[in-house]
Amino acid sequence: MSLLFKNVKELVRDIDEFINTVEQGVLVFKEGVINYLNDEKTSFAEKLERINYLEANADKLQRKIDDEFLMHSILPQNISDIENMLDKIDEIIDISKDNLYQFEVEIPYFPEEIVQDYIRLTNTSVEAALHAFPAVRTFFREPLKVKDILTKVFFYEKEADRISRNIKRKLFHEMDELQLSQKIHLRYFALHIETISDKAETLADMLSIMALKINL
Amino acid sequence: MIILFYLSSGLFLGWSLGANDAANIFGTAVGSRMVRFKKAAVIASIFVIIGAVVQGAGASETLGKLGNISTLAAAFTVALSAALSVYWMTRMKLPVSTSQAIVGAIIGWNFYTNNPTDIGTLTKIVTTWISGPLLGGVFAILLFMLVKRVQKKVSLHLLYRDAIIRYGLLLVGGFGAYSLGANNIANVMGVFTGSIDLPVIDLGFATFNSTEQLFFIGGVAIAIGIITYSKRVMETVGNTLMPLTPEAAIVVVLAQSLVLFIFSSQTLSNAFQSIGLPPIPLVPVSSSQVVIGAILGIGLYKGGKEIKFNILGSISLGWLATPIVAGLVSFFLLFFVNNVFKKDVGANENSPVQEIVMKIDSIAESAIQDDTISLVEETPDFQAERQNELSEDDKESVDVPMIVFGSLALLLLLLSIFMTIKVRKIRQKQDSELQKLENKYLFKQKELEDTLAEQKVRQSDLDKELKFRQNEMVTMAMNIIQKNEFLSSLKNEIVEIKSSVKDPEARQAFNRLSLMISQNLSIDRDREKFQMHINEQNSNFLRLLSEKYPSITENEKRLTVLLRLNLSSKEIASILNISPKSVEMNRYRLRKKLKVSPKINLSDFIREI
């Protein structure tokens, strides 16, 4: 029996590994941003290196999974949806890596009084993504339960939006000591961090539709 | 060799059965790419042959009871009639089944040869035609319920579920092929078992009697049909009835296989009898109709919304039309073979057709005798000689028109077959061309739709970008305004303090400070940056404005852009570091230059340029 399911077992392991890699990538992003905000340069550099490796690994795994699905025509009726879903998961780690590199390249200046807001935004945005990954795992095992898990993703996404809006308001209304260019620069970084939760929301929307389709 | 020729009609029937009915077993699996065609064809071929040889005798025996065809020519004609009826009815797009065609053809033979049709056997067969699809439906509902319950209770990874379904489709497909061979081999070879007696083959470990050998040959014909033609059928008509999920496909195939197995298993029938139940009628059943029954069963279980009830009508039409058409074709072909080719089709002397033929012969003979009477008056030797010649010539004259008529009919038949094939080829070519065109247009349409969707997304992105930029500009402008306001109030404050200070040095310092503020108000870096920014963002608009109104000045252009951002005169005044009154004046001049009527809002007019 185990011989019959050898390929399947390997593919299941690859998918789990892919999701784990992306999940780790998002956690590294979170730590990286916090390192930057706390001015921990060495740790930040380490995180950059780590996320680079994880992103490359995720790409490799995604290509392998795609090949397996197409070669053995696995789940032929849902193959396009699943491939789209894998793309969306990969996008999260791509965006995380790009955003972390933005910090390294643009070296934005964060005044002391706004650092905590940015840390909160990072935590909330990443939390949305971290709740999307268990939903992906559940989709493969118990599609009916996916919707219950996704509510948390939507909640954290809204919360990230709200925090981001507050940050922008604070930047433009309360922090007169900053140059306009600095305000705009910082606003962009709020946007960058918020994108993680936006991507998680897109993935969640897709998952909820796929769960419905697969249960029909 | 001659046996092979006579078997050809049965083999053709077997080939068409394999080509068409394999889609009932592996259609969804191959159509949905869950199972590769090669794998499906190999499994189906092997199991159809095994089923035919091992379990084909029961249903064949029942057909034998309906009409025991004892001559090779009759068996050939009956099988050919069934094959032609199936072919013709398929061409006419009428619902047709091989099982019903062969029964009709046998009844046609019964009529032609004046053999009595066993009403008991016929009733048994007809009852099975109805109970087969019904049983298929019941099995499908029960199995579907079971599958759903198992799916709910066992939470399997989707990929494991997919693998299990794949193996399930292969397993159930193998069983389906076995049952198809066991049940439907009677259609293909049943009519030949009474007329062909082959020597027993002893392989040491097993012996094969004549019937088993015939069934093996029929099974091979079905297998060839599966390998050579069923792929096309699977890909085209495999899913036309109703698109099935792989789980539902397993249920449908299993239900169909069980029905076919039940109606061909002697062991099961004996087991029924041993516990006091009535025996199971072993009858060839139409696999397509059982499949329809199974699919309808699933449809009913799901609430009946998706059911197309006209399918039931088409099944009933198949039950009536197929045996009638096959019976008629069989009757006429037997007449043709019997009277043109003078082949023994097992007709009784007292059959009505034979009586008619004999009457025609006797009329012809009496006519010959009338002619000879007139010749009797001539010399006896001549008379005797003449009579002999005449009787021989006239006998020939009865047969010659028959042969000519027969040959013409055969020619016509061949011509019509040739024409049908030709027309079919042309139609296929036209269909494929039409399909190609349709695909091309569909592809183009899809491409256009994709482009449109892409453009829409791009447009919405651009809109968002535009809105974002406008907001950015307004924010920038507001920042400048706030800053200028702050500087102005600071300047006023300095002027006020200065008036109360008498120390000349301090007054001079205040003057310097005031001057610095004034300079900062007029030469503002932020303002410059803002100006550059809005020029860059509105480059297209400014170009259009210059083209439309060549006399417009740089200051007026700047004012137009700020009005486009929907800023008030006070805000514009602050940005341009001029008084609000000057802004009002400039607005008035601009209105004149742009020839805007006093009834129209200037900002709206500018936004519409």
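Is Val501(B) buried or exposed?

View 1. Residues are numbered from 1 along each chain as its sequence is written, while chains are lettered from A and ligands numbered from 1 in the order in which they are written. The model scores ipTM 0.85 and pTM 0.64. Chain B contains 21 helices and 2 strands; these are DSSP runs numbered from the N terminus, with helices (H or I) of at least four residues and strands (E) of at least two. Of its 609 residues, 36% count as buried, a class that requires 20 or more other C-beta atoms within 10 Å of the residue's own, against 12 or fewer for exposed and values in between for partly exposed, with C-beta atoms placed from the backbone.

**View 2. Confidence along chain B.** The mean pLDDT (the predictor's confidence in each residue, from 0 to 100) of chain B is 80, and 83% of its residues reach 70 or more. Confidence in chain B is highest in helix H2 (residues 37–55), at 94, and lowest in helix H13 (residues 352–376), at a mean of 60. Over residues 393–402 of chain B the pLDDT is below 50. Where pLDDT is low, the predicted coordinates should not be read in detail.

**View 3. The contact between chains A and B.** Each chain contributes 15 residues to the contact; two residues are in contact if their C-beta atoms, placed from the backbone, lie within 7 Å. On the side of chain A that touches chain B, helix H1 (6–37) and helix H4 (112–141) of chain A each supply at least two residues. H1(A) provides the largest share of that side, 3 residues. The side of chain A comprises 11 nonpolar, 2 polar and 2 charged residues, where Ala, Val, Leu, Ile, Met, Phe, Trp, Tyr, Cys and Pro count as nonpolar, Asp, Glu, Lys and Arg as charged, and the others, Gly among them, as polar.

**View 4. The largest nonpolar core.** A nonpolar core is a set of buried Ala, Val, Leu, Ile, Met, Phe, Trp, Tyr and Cys residues joined through C-beta atoms within 7 Å. The largest one has 112 residues, of which Ala44(B) and Val252(B) touch the most other members. Helix H1 (residues 2–31) of chain B gives the most to this core, with 14 residues. Apart from this core lies another, of 57 residues, among them Val8(A), Phe69(A), Ala128(A) and Val136(A). Beyond residues up to four places away in sequence, Ala44(B) touches Ala22(B), Ile25(B), Phe26(B), Gly173(B), Ala177(B) and Ile226(B).

**View 5. Gly31(B) in helix H1 of chain B.** Gly31(B) belongs to helix H1 of chain B. This residue is buried because 22 other C-beta atoms lie within 10 Å. The C-alpha atoms of Gly31(B) and Val233(B) are separated by 9.9 Å, although the two lie 202 residues apart along the chain.

**View 6. Val501(B) in a loop of chain B.** Val501(B) sits in the loop between helix H14 (380–500) and helix H15 (504–522) of chain B. Val501(B) is exposed because it has 12 other C-beta atoms within 10 Å. Leaving aside neighbours within four places in sequence, Val501(B) is in contact with Ala506(B), Arg507(B) and Phe510(B).

Conventions: This is a predicted model: local features need pLDDT of at least 70, side-chain atom pairs count only at pLDDT 80 or more; totals for chains, interfaces and linings use all residues.
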